Amino acid sequence: MTTSRNLGVEDATDVRAVPRRSVGQKLLSSGTVLALVVLILFFFLMRPDVFLSFTNVKNILYQVAILAIIAGAQTIVMVVGDFDLSVAATSALAGAVAASLMISGWPIALAIFAALIVGLLIGLANGLLIAYVNLSAFVATLATLTSVTGLAFMVTEGTTLFNLPPEFNNLGQGKFLEIPLPVFIAIGISAILWFVLRFTTLGRRWYATGGNVEVSRLSGVNVRRARLLAFTVAGFVSAIGGVLLAARLGSASAVQGEDNLLFSVAAVFLGMTIVRSGAANLVGTMVGVAIIGVMSNGLNILGVNAYVQQVVTGLIIIAAVTLSSLKTRER
Amino acid sequence: MRTKFKALAAVAAAATLLLAGCSGSSGGGGDASGGSDEPFKVIAFTSGNQTPVGAWWVKAVEAQAEELGWDLTMIQGDFDFQKMNPAVESAIGQGADVILDGYTDVASIGSIVSAAKDAGIPIFAMDSGTEPTDAFAINITTDQQGIVDSTLGALDESLGGLDGKNIMVIGHDPHAGIRLRAGLAADDLEAAGATLAGGEIQKVASPATGRTEALALVADYLTANPGGLDGVWVGWDDAALGAAQAITEAGATGKVTGVDAVSESIAAIEAQGAFLATVEQPWPAILDSLMEHVLAYQEDGTMPDENFEAVSTTLVTIDNAADITPSDKLE
């Protein structure tokens with residue numbers, strides 16, 4: 001009887017003794033969390049009257065809710081060892097499709113359903129190209145990004161669609177217990193994705209595929225199907241983000257949420273530094289999202305110029321990628 | 001074999017020279033072909049075809065060209081100057097009588113200007129710069145100071161004066177018109193005794209994410225300074241809509257002005273919320289005026305007296321919003 005071992009998964013039941021880590025190694029492994037704590041402390045000290053107020057924390061959560069969803073989609077794909085350049089474009093197209101259908105008179109639920117199907121189909125297309133046609137993820141999703149953006153321009157006719165039903169806008173602008181609905185939706189989706197990754201066979205197969213494709217295949221994992229599913233789920237989840245963004249803004253355009261692509265990749269890389277294995281993980285991604293949100297909000301509150309903000313954001317991403325690669329080397 | 005090859009090469013070389021001679025004699029330009037049997041050859045280009053007004057310009061020029069029997073080459077740049085400029089230069093190399101530039105800043109088309117000058121082909125432009133330049137036979141644009149005067153006037157009237165008021169100015173530097181008018185607005189506000197919220201013009205990094213960036217900027221500012229914003233002057237409508245949404249969500253009373261008169265901003269003005277006013281820029285009238293100059297040139301080579309013209313605009317408020325054709329619905 002053979003036993004298979006899923007590589008790349010944080011295995012809490014491993015009974016083998018592990019060498020004690022040095023303080024430096026511990027700091028390295030928790031560097032991202034430390035960065036988040038330091039950022040929060042810094043901005044709090046600069047503006048103690050504002051930064052950790054309920055209103056401001058709510059603002060931060062509101063501003064990153066959609067990024068959290070898109071970053072969740074990106075996490076799935078990066079768990080299997082790929083990445084998806086089309087997540088933001090998919091979200092924009094989904095938002096545009098939902099808006100266009102509602103303006104044409106479709107019921108809200110049906111319009112949203114159609115938009116989610118569009119996202120799922122784009123993810124499926126990515127997955128087929130990458131898992132079965134063996135295109136590189138970079139090439140396939142770059143091509144998809146271009147085509148999907150073109151489709152979004154066609155759906156919106158190059159304009160911004162607005163006058164969406166108030167009930168739809170409420171999804172993105174409504175509140176429950178004074179907290180914006182998108183925050184709850186983001187938490188819900190993140191929790192589901194975390195559960196799937198952490199506790200299901202599918203999640204283990206994804207991690208296995210991302211850890212070592214050949215070993216996974218030899219262990220009986222259908223690697224192609226795992227990658228196909230990962231991209232399909234990513235497309236679907238991106239579409240959720242896009243629909244929510246359209247509801248948040250009460251409008252949809254072909255390039256809405258464009259910056260979510262870069263930030264989603266950055267958030268996942270930031271999150272990869274948190275776990276010992278250096279693998280993409282949902283909790284880490286959310287820490288990455290929090291860093292991006294805290295930084296943006298904090299710098300806005302301090303009145304820092306937008307160009308300086310971009311420089312700082314880039315430097316943080318460089319630091320994260322460096323930390324992540326040091327992590328991989330340590331393995 | 002070698003002899004045959006040499007003979008073939010010689011024939012190919014002769015054919016190439018002959019063809020080059022033929023295209024050279026039918027190309028070049030600078031002479032109106034008013035009395036010629038050859039159709040009037042026009043190259044038209046715009047980098048902004050993905051914007052509603054750019055898309056309108058493409059259709060409008062194509063329609064006019066068909067009506068006038070012109071031989072039109074339309075080149076659409078998608079804001080990709082690396083793609084567009086060589087395409088236009090190549091078209092210039094094949095010869096034309098006139099070049100039309102729509103919404104493409106002269107700063108980005110240096111190579112096109114050089115090629116046109118070398119070929120002796122005049123460029124007739126609209127909204128392609130904010131200052132006179134001999135790169136163009138004429139550039140007709142809108143009066144940026146007039147835009148600032150009317151929008152600040154609306155804010156002045158709504159707020160009961162600008163002196164002592166805290167006003168945020170939001171701009172976007174890569175766009176020449178927005179950059180100029182944001183600078184003029186900041187100067188005029190300070191001259192009127194207002195304070196610039198944040199101490200300087202707030203910059204949006206990307207037009208694609210302008211709405212969400214402005215939304216975050218204003219939301220964060222209001223969190224840090226509750227009730228501390230009397231108004232927001234924004235260089236274009238999309239970002240202005242984000243600013244207005246932030247003010248509404250914060251329950252603040254500030255007023256917002258934009259520029260462009262798109263459908264959504266007109267609807268927001270009619271809703272009488274935070275969005276106070278926008279500016280209609282008379283693009284159809286400007287195009288008609290430009291075409292008159294081109295026709296005069298076609299007739300007998302008459303060049304415009306001046307190479308720069310700034311036309312006045314119309315402030316759009318609740319009083320006249322219903323009478324304005326939105327700039328994203330031009331036909």
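How many residues does the contact take from chain B and from chain A? It takes 24 residues from chain B and 26 residues from chain A. Two residues are in contact if their C-beta atoms, placed from the backbone, lie within 7 Å.

## Ground rules

This is a predicted model: local features need pLDDT of at least 70, side-chain atom pairs count only at pLDDT 80 or more, and totals for chains, interfaces and linings use all residues. Residues are numbered from 1 along each chain as its sequence is written, while chains are lettered from A and ligands numbered from 1 in the order in which they are written.

## Where chain B touches chain A

On the side of chain B that touches chain A, four elements of chain B give two or more residues: helix 2 (52–68), strand 8 (202–203), helix 7 (210–224) and helix 9 (263–270). Helix 7 of chain B gives the largest share, seven residues. Helices (H or I, at least four residues) and strands (E, at least two) are DSSP runs, numbered from the N terminus.

By class, this side of chain B has 10 nonpolar, eight polar and six charged residues. Ala, Val, Leu, Ile, Met, Phe, Trp, Tyr, Cys and Pro count as nonpolar, Asp, Glu, Lys and Arg as charged, and the others, Gly among them, as polar.

## A helix pair in chain A

Helix 2 (residues 31–46) of chain A packs with helix 13 (residues 282–301) of chain A at about 25 degrees, their axes 10 Å apart. Helix 2 of chain A is therefore roughly parallel to helix 13 of chain A (angles under 35 degrees count as roughly parallel). Axes are lines fitted to C-alpha atoms, for helices over the stretch in contact, and angles run from 0 to 180 degrees between N-to-C directions.

The contact of these two helices of chain A has 12 nonpolar, four polar and no charged residues.

## The sheet in chain B

Chain B has 10 helices and 13 strands. An open sheet of six strands of chain B runs in the order 2-1-3-4-5-12, with parallel pairing. Two strands pair if DSSP finds at least two bridges between them. The edges are strand 2 (71–76) and strand 12 (308–311) of chain B, and each pairs on one side only. The twist averages 15 degrees from one strand to the next.

Inside the sheet, strand 1 (residues 41–46) and strand 3 (residues 98–102) of chain B pair over five bridges. Val42(B) stands opposite Val98(B). Helix 2 of chain B packs on the sheet, touching strand 1, strand 2 and strand 3 of chain B.

Methods. Angles under 35 degrees count as roughly parallel, over 145 as roughly antiparallel, 65 to 115 as roughly perpendicular and the rest as oblique.
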